[in-house]
Amino acid sequence: MSGSASRLFLRHNALPLLAGAIFAAMFGLYLALQPHGIHTDVLITASNKGVLLALVAAAQTLPVLTGGIDLSVGAIVVLSNCVASVLVSGSGLQIGFGVLAVLGSGLVAGLFNALAVVVGRLQPIIATLATSTMFYGVSLLVRPNPGGNVDDDFASAMTGAVFGVPVSMLVLATVLVLLWMPFRRSLTGRGVYAVGSAEASAYMSGVKVVRSKLAAYVGSGLLASLAGLLLTLIAESAQASAIQAGDLTLNSIAAVVIGGTSLFGGVGGIVGSILGAFILRTIGDLLFVLSASPLWQPLFQGLILLVAVSFGALPMLRTRNRLETYR
């Protein structure tokens with residue numbers, strides 16, 4: 001890589017690289033403070049919790065890249081959680097059908113959001129706020145009471161480890177390699193960035209704006225349903241919890257910002273959001289090994305989010321006030 005290419009790479013990936021460095025330092029400290037040392041079970045637990053939020057953050061990233069937002073990702077996770085608690089059991093064929101049904105529920109939810117934003121031309125924040133309530137209502141119909149009937153062997157296999165590597169981490173790597181990387185290099189993926197940067201200009205340049213937005217919201221629903229499936233396999237139960245849905249949505253937005261994706265759209269990516277999610281999860285783990293009260297966690301998360309938003313807003317300070325142009 002030439003010098004100019006290296007500088008360009010560093011300039012475009014400064015915040016994700018910073019997030020990666022912060023996560024490495026925090027996780028290294030967490031492992032050093034572990035009373036029983038580095039153990040496979042510790043890595044599995046940290047991976048399962050981190051990957052769960054990372055998938056939700058990845059789901060949030062796609063609409064944000066278009067300049068929108070999805071306030072229903074947490075509700076889709078809860079919906080998928082409830083669907084999985086009913087269908088992911090029985091024979092191998094039945095489990096396979098259940099997994100497809102869970103992912104299908106996320107695709108349908110994402111398509112519903114996309115139609116509300118693209119066809120209905122509603123503001124994403126309003127449209128997804130409304131649909132989140134609908135998805136929560138469906139979750140209550142599917143799972144009126146907490147519980148579940150998930151296949152133990154399948155749950156243990158998907159939340160365990162293979163040769164010391166957590167399976168959930170392999171699932172996350174598969175999502176990055178097989179879904180995110182081809183999508184980002186595709187015309188639709190580039191269209192997502194173009195729409196988020198300047199929608200009118202993208203339209204005038206021939207970018208398929210509708211297709212890009214549809215892909216972003218449908219992809220978001222798919223990733224959120226994958227997070228819901230993982231949640232079910234970890235807990236082996238489900239609960240239609242509005243509080244959990246709200247927490248997941250808020251944390252996903254925080255992870256997106258910490259990972260360097262601009263809330264104005266067009267800048268960032270899923271890799272940074274994943275690192276942001278792992279940072280947020282490691283805060284809780286660090287507080288636990290330090291025997292600090294969990295009540296401190298929202299304070300630390302809020303402070304980190306405020307710092308991340310401040311860094312992300314620095315480029316805006318260089319932008320001249322447009323009103324000055326007409327003086």
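Modeller: Asp247 is partly exposed, with a relative accessibility of 43% (buried is under 20% relative accessible area, exposed over 50% and partly exposed in between, with a 1.4 Å probe and protein chains only). This is a predicted model, where local features need pLDDT of at least 70 and side-chain atom pairs pLDDT 80 or more, while totals for chains, interfaces and linings use all residues. Residues are numbered from 1 along each chain as its sequence is written, and side-chain values use heavy atoms, without hydrogens or water.

Asp247 belongs to helix α12, residues 242–258 (helices are DSSP runs of H or I, at least four residues, numbered from the N terminus). Between the C-alpha atoms of Asp247 and Ala75 there are 10.0 Å in space, although 172 residues separate the two in sequence.

Thr66 sits in the loop joining α3 (40–65) to α4 (73–87). Thr66 is buried, at 6% relative accessible area. Beyond its neighbours within four places in sequence, its contacts (heavy atoms within 4.5 Å) are Val192, Val195, Gly196, Ala216 and Tyr217.

Now for the rings: the structure has 4 aromatic pairs (Phe, Tyr or six-membered Trp rings with centres within 6.5 Å; stacked under 30 degrees between planes, edge-to-face over 60, the rest tilted). Phe23 and Phe27 are stacked, 5.5 Å from centre to centre with 25° between planes. They lie about one helical turn apart because 4 residues separate them in helix α2, residues 14–32. Phe23 and Phe27 are both buried. Phe23 also pairs with Phe278, and their planes meet at 50° with centres 5.4 Å apart, so this pair is tilted. That pair connects helix α2 to helix α13 (residues 270–289), across 255 residues. Together with Tyr30, the residues Phe23, Phe27 and Phe278 make one aromatic cluster.

Notes
Helix = DSSP H or I, 4+ residues; strand = E, 2+ residues; numbered from the N terminus.
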